[in-house]
Amino acid sequence: MSTLYEKLGGEGTIAKVVDYFYDLVLADEEVNHFFENTDMAKQRAHQTKFISYALGGPNQYSGGAMTKVHTGMNLQPEHFDAIVKHLREALAHFGVGEEDIAAALDKVESLRGDIIYK
Ligand code: HEM
């Protein structure tokens, strides 16, 4: 089964979506502070992993792993929502269709409970 990740052209296109998404996240006062003490390379790795996960790419995570890396952040629903909103905008910017965007957002939603309030 081909994933949205493959449909979009794999890593090459993902890198462009990541750059765009990254700018949106860093410009958003509601969430950019979480990345304040994160070095740039890790930050970029995070965005890449986030986007790849949403699109069904090679970086797939278990709920347990996601809880572990976000523990201590006490992420609230509005923080998660802000990230989802930026993902939607970044995908739309690159011409991804509504149906594919919905599938990507569903994927991200499935990890919400593992990531917030930790
Ligand atoms: C489905 C949703 C998400 C996925 C798949 C995801 C993925 C990951 C992964 C794999 C890491 C491990 C470290 C790394 O790769 O650099 C990480 C760390 C992190 N995540 Fe997420 N994340 C999600 C949602 C969020 C949200 C909503 C926020 C905040 C608004 C967030 C903020 C962070 C921060 C600040 C780190 C630590 C980076 C560091 O090491 O300094 N994540 N995330």
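Predicted model: local features only at pLDDT ≥ 70, side-chain atom pairs only at ≥ 80, totals over all residues.
Local features are given only where pLDDT is at least 70 and side-chain atom pairs count only at pLDDT 80 or more, while totals for chains, interfaces and linings use all residues. Residues are numbered from 1 along each chain as its sequence is written.

**Overall form**

The protein holds 7 helices and 0 strands, where helices (H or I, at least four residues) and strands (E, at least two) are DSSP runs numbered from the N terminus. Read from that terminus, the order of elements is α-α-α-α-α-α-α. Along its principal axes, the C-alpha trace spans about 35 × 30 × 25 Å. The radius of gyration is 13 Å, which agrees with the value near 13 Å that a compact globule of 118 residues would have; this radius is taken over C-alpha atoms, and the globule rule is 2.2 Å times the number of residues to the power 0.38.

Two packed helices are described by the angle between their axes and the distance between the axes. Here axes are lines fitted to C-alpha atoms, for helices over the stretch in contact, and angles run from 0 to 180 degrees between N-to-C directions.

| Pair | Axes come within | Crossing angle |
|---|---|---|
| α2 (residues 11–26) and α5 (residues 77–93) | 9 Å | roughly 140° |
| α2 and α3 | 9 Å | roughly 115° |

α2 and α5 are therefore oblique to each other, a class left for angles that are not under 35 degrees (roughly parallel), over 145 (roughly antiparallel) or 65 to 115 (roughly perpendicular). In this contact, Val17, Tyr20, Phe21, Leu24 and Val25 of α2 meet residues of α5 that include Ile83, His86 and Leu87, a contact being C-beta atoms, placed from the backbone, within 7 Å. By class, the α2 and α5 contact has 9 nonpolar, 2 polar and 1 charged residues, with Ala, Val, Leu, Ile, Met, Phe, Trp, Tyr, Cys and Pro counted as nonpolar, Asp, Glu, Lys and Arg as charged, and the others, Gly among them, as polar.

On α3, the residues Arg44, Gln47, Thr48, Ile51 and Ser52 meet α2 through Ile14, Val17, Val18, Phe21, Tyr22 and Val25. The α2 and α3 contact divides into 7 nonpolar, 3 polar and 1 charged residues.

**Shell around the ligand**

The ligand is surrounded by 21 residues, of which Thr38, His46, Val69, Ile83 and Leu111 are the closest; a residue is near the ligand if its C-beta atom, placed from the backbone, lies within 6 Å of it. Two or more residues come from each of α3 (40–54), α4 (63–70) and α5, and α3 gives the most, with 6 residues. The shell divides into 15 nonpolar, 4 polar and 2 charged residues.

Terms used: Contact = placed C-beta atoms within 7 Å.
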